[in-house]
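User: I am new to this structure and would like a quick tour. Let us take it in questions and answers.

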Amino acid sequence: MIKNSNYTTSLLEEVEGTVQGHRDGHGFVQRDDGQSDIYLPSNEMRAVLHKDRVKARVVRYDRKGRPEGRVVEIVERPPQPIIGRLLQESGVWLVAPEDKRYGQDILIPKGATGTAKPGQVVVVELIEPPALYGQPVGRVKEVLGEVDDPGMEIEIAVRKYDVPHVFSDACIALARTLPDKVRPQDKRQRIDLTDVPLVTIDGEDARDFDDAVYCEPAKVGRGKGWRLLVAIADVSHYVETGSAIDVDAYERATSVYFPRRVIPMLPEKLSNGLCSLNPEVERLCMVCDMLVTSKGEVHAYQFYPAVMFSHARFTYTEVAAILASTRGPEAVRRRALVPQLEHLHDVYRALLGAREKRGAVDFDTVETQIVCDENGRIERIVPRVRNDAHRLIEEAMLAANVCSADFIAQNKRPGLFRVHEGPTPEKKEILRNYLKAVGVGQTVSDDPKPSEFQAIAAATKDRPDAQQIHTMLLRSMQQAIYTPINSGHFGLAYEAYTHFTSPIRRYPDLLVHRVIKSILAHSRYQLPALPTPGEAHAKLAKRLQKNQVARLDERVAAPDVRPRKVSAETQAWEAAGLHCSANERRADEASRDVEAWLKCKYMREHLGEEYSGIVTAATSFGIFVTLDAMYVEGLVHITELGGEYFKFDEARQELRGERTGIRYAVGARVQVQVSRVDLDGRKIDFRLIREGEEFTARTMKDKGVAREGGAADARFEAGRKDQRKREGKGGALVQTLKTAARKAAAKNKGRGRR
């Protein structure tokens, strides 16, 4: 038996899990039981692929008690198309996977390349898996095009992350049968709000409009207040439970947003037409009608189906300008609606006051927007400026979401809550150590409240390292999930919270609408037989299991802790919540991948240039720096920090030089030079520029660094081929395809980021 801090296991014990490859050639087995990952050295990865399900045996532990294993059986090889670039070397066709976690090139027989040409991006279907002494073999299934084609990064991402991007024939056929506008029969048993001047407020580039708002002064109890209406597109009227459109919507679970392109959850006829609250047309909606007190508390609310008529389509910029000057040109153009916007601003300030009183967490963070030209190339990266118009809509939506959660809970019906739990014991301890190390007098309790985090943020906002402290506060929190088990929303300081306001782009909101409608109709909503959740669901379930184990460990001393009994209905809702949560993560990962690709292409044009930036993360292998001018993040490897030994201080989240004592911590300001861009790996490397050092773009040119993206690509590919040839000298001649493949595999071990 070998004892480990997390568990005790036998070296003979076999465990099941999923292989996670690493771009450097090794890998890990993510265990099904949620315990520590098992390290697989590169020789163990030769016969397996990223995402394979395997049985592994722990063979040893390293000095830190981390397990290293050996694969003893491949349990399942899921069908996984691989995206990569088609290369021809010494008469042998290979596909170099775009996702470097696969670790091996795919051998393509001569007759299996289809219409693909060298250098093109293709989708490969495996026809022969890898073996200990054999290369994986595949055939070209789809040709995506040239690597520099506009939108190629999105085509790669949707396949890489298995994002559904083609509606089924049944879904498209059903969408065609839907009407183009609201019909008289659709208005039956609905409140007529067409004379109420509801308006939409969204970004300039918005195409689908989920929500409209209206506000007027009202007497609330004995005091003054407001009547606030939040009208949300009634998607559930058109998307019936279990229909072809519903099945496709559930599979996607969310719309996926990329620069210049959206992959919608619903067909365009619904998302941009029939369900979108476009101006000056009738639309069906579900309304949350609230009475809000002068203190920002919702005194009463009701839900009802209605038909509405949007009186205007405002942008955030326009509303902010009107609120800043009610006599300005924007206000003159919208004179009739200005009083309503002022009422919305008044109720927003009251709701904001209630938020502050609750102690909800509200850190100022910088979000960026990528501005592309017609060819999909980045023109610039700009910060998204949040003004009072953004916050006004946000507070109105929060109020409606809280009412929907309360309505479902009060009526004791199953549904999906948006749950955000407090930090895990491990994250609490890391945060406490950090706050103590940097001299913050306050800390968090064993059962922290959101107000504690907000108090620390407020107390440190004027410190030079405020951004560093706020970043650590954010990192200590968990991600929110969808679940039928209501545990409240930690960050927003709500006892119950759900998502009601975006059914066009989020499936959980659509489910919430159906539950609310069933309550109004005095019936009970039943989930349909939904498709089995896939890999993303399984990954999230394991992560949640780890958190649950940690929470149980924290409460193990309590004698009254008993496992809860879960009904079949609750299990179905839990599965739906996990599926929606996992697909939300998948959409985020795909979007980040595309943004990273675009940023890398953008930065290839700035090789050798110097910029100021701020350290956004410190690790044992270097520091990550975000540039001030471009909002692009890159790595300064520890070897670039100077000729001394740097030690990572986990408590302070900083690297410190042992000889000079120089420190690089989150929030530190540095000067860097763009030294390398790896498009395939989505990585940008910086070189630290020290005070008084001259290292300009000119010297980088002298060293032969290409500035143009196309030339850089060509030289990178040529260099990679030359390297393979050099590494292959002295070896046997290529006699068969498999011999060539094994040789290529050996050559490519060192490929990727150093």
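User: In which hand does α1 pass α14, left or right?

Analyst: A word first: this is a predicted model. Helix α1 covers residues 152-160, and helix α14 covers residues 568-604. Where they pass, the crossing of α1 with α14 is right-handed.

User: How are α1 and α14 oriented to one another, roughly parallel or roughly antiparallel?

Analyst: The two axes come within 9 Å and cross at roughly 150 degrees. Angles over 145 degrees count as roughly antiparallel. So α1 is, relative to α14, roughly antiparallel.

User: Which residues in α14 does α1 meet, and what are the classes in the contact?

Analyst: From α1 come Glu153, Ile154, Ile156, Ala157 and Lys160. They meet Ala590, Asp593, Val594, Trp597 and Leu598 in α14. By class, the contact of α1 with α14 has no polar residues, three charged and seven nonpolar.

User: How do α5 and α7 lie, roughly parallel or roughly perpendicular?

Analyst: Helix α5 spans residues 316-324 and helix α7 spans residues 338-358. Their axes are 10 Å apart, and the packing angle is about 90 degrees. Angles of 65 to 115 degrees fall in one class. That makes the arrangement of α5 and α7 roughly perpendicular.

User: What residues make that contact, and how many of them are charged?

Analyst: Helix α5 gives Val319, Ile322 and Leu323. Helix α7 gives Val338, Leu341, Glu342 and His345. By class, the contact of α5 with α7 has five nonpolar residues and one polar, and the number of charged residues is one.

User: How many aromatic pairs does the structure hold, and what is the geometry of Phe453 with Phe490?

Analyst: The structure holds eleven aromatic pairs. In the pair of Phe453 and Phe490, the ring centres are 5.5 Å apart and the planes stand at 90 degrees. Plane angles over 60 degrees set the class here. Phe453 and Phe490 are edge-to-face.

User: Where in the chain do the two partners sit, and how many residues apart?

Analyst: Phe453 is in helix α10, residues 450-460. Phe490 is in the loop between β25 and α12. The pair links distant parts of the chain, with a separation of 37 residues.

User: Are Phe453 and Phe490 buried or exposed?

Analyst: Burial means under 20% relative accessible area. Phe453 and Phe490 share one label: buried.

User: Which residues do ring pairs link into a cluster?

Analyst: Ring pairs join several aromatic residues into a cluster. The members of this cluster are Tyr301, Phe303, Phe407 and Phe500.

User: Is Ala405 buried or exposed, and what does it touch?

Analyst: Ala405 lies in helix α8, residues 388-410. Its relative accessibility is 0%, so Ala405 counts as buried. Leaving out residues up to four places away in sequence, Ala405 touches Phe417, Ala496, Tyr497 and Thr498.

User: How far apart are Ala405 and Ala496 in space?

Analyst: In sequence, Ala405 and Ala496 are 91 residues apart. In space, C-alpha to C-alpha, Ala405 and Ala496 are separated by 5.7 Å.

User: What about Ala409: how far is its C-alpha atom from that of Asn486?

Analyst: Ala409 also has its place in helix α8. Its relative accessible area is 36%, so Ala409 is partly exposed. Asn486 is 77 residues away along the chain, and the C-alpha separation of Ala409 and Asn486 is 8.7 Å.

User: How many residues of α11 are buried, and what covers them?

Analyst: Helix α11, residues 466-475, is mostly covered: seven of its ten residues are buried. These are Ala466, Gln468, Ile469, His470, Thr471, Met472 and Leu473. Their cover includes α9, α10 and β31.

User: What phi values do Ala493 and Arg682 have?

Analyst: Ala493 lies in the loop between β25 and α12. Arg682 lies in the loop between β32 and β33. Neither residue is a glycine, yet phi is positive: near 60 degrees for Ala493, and about 55 degrees for Arg682.

User: Is each of these two buried or partly exposed?

Analyst: With 22% relative accessibility, Ala493 counts as partly exposed. Arg682 has a relative accessible area of 11%, so Arg682 is buried.

User: How many helices and strands does the chain have, and what share of its residues is buried?

Analyst: The chain has 17 helices and 33 strands. Of its 754 residues, the buried share is 51%.

Note on methods. Residues numbered from 1 in each chain as written. Predicted model: local features only at pLDDT ≥ 70, side-chain atom pairs only at ≥ 80, totals over all residues. Heavy atoms only, no water. Axes fitted to C-alpha atoms, helices over the stretch in contact; angles between N-to-C directions. Helix = DSSP H or I, 4+ residues; strand = E, 2+ residues; numbered from the N terminus. Parallel < 35°, antiparallel > 145°, perpendicular 65-115°, else oblique. Left-handed = near helix turned anticlockwise from the far one by under 90°. Contact = heavy atoms within 4.5 Å. Nonpolar A, V, L, I, M, F, W, Y, C, P; charged D, E, K, R; others polar. Phe/Tyr/Trp six-rings, centres within 6.5 Å; stacked < 30°, edge-to-face > 60°. Buried < 20%, exposed > 50% of the residue type's maximum accessible area, 1.4 Å probe, protein only.
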